[in-house]
Amino acid sequence: MIVAFSITPLGVGEGVAEPVARAVKVVRDSGLPNRTDAMFTTIEGEWDEVMDVVKRAVDAVAEVAPRVSLVLKADVREGVTDGMTSKLESLEHHLS
């Protein structure tokens, strides 16, 4: 499965880089394929392992923020691996 999610710390003022960096570190340390851009972090793996990483990322932000907002979008598709890359390759093929 592929999950794109965004964690927003609430109640910490305008500067959210440090709390968000805590979440990104959890994702990167997970060892699962992942990508972070300005809006979302995308991670790929099996349901339980991906959801565990998302929960740990939320918990890491909750350690320094009184409230946390989570937006999550999932592509649940059994038997697919390397979906993050293959979806982009398919799109690039159609653009050329």
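Modeller: From the N terminus on, the elements run β-α-β-β-α-β-α. This is a predicted model, where local features need pLDDT of at least 70 and side-chain atom pairs count only at pLDDT 80 or more, while totals for chains, interfaces and linings use all residues. Residues are numbered from 1 along each chain as its sequence is written, and side-chain values use heavy atoms, with hydrogens and water left out.

Biologist: What makes a stretch count as a helix or a strand?

Modeller: DSSP runs do: H or I over at least four residues is a helix, E over at least two is a strand, and numbering starts at the N terminus. That gives three helices and four strands here. Helix α2, for example, covers residues 47-62 and holds Glu49.

Biologist: Why is Glu49 called partly exposed?

Modeller: Buried means under 20% relative accessible area and exposed means over 50%, with partly exposed in between (1.4 Å probe, protein chains only). Glu49 has 35% relative accessibility, so Glu49 counts as partly exposed.

Biologist: And why does Phe40 count as partly exposed?

Modeller: Its relative accessibility is 30%, so Phe40 gets that label too. You'll find Phe40 in the loop between β2 (34-36) and β3 (41-44).

Biologist: How much of the protein is buried?

Modeller: Buried residues make up 29% of the 96 residues.
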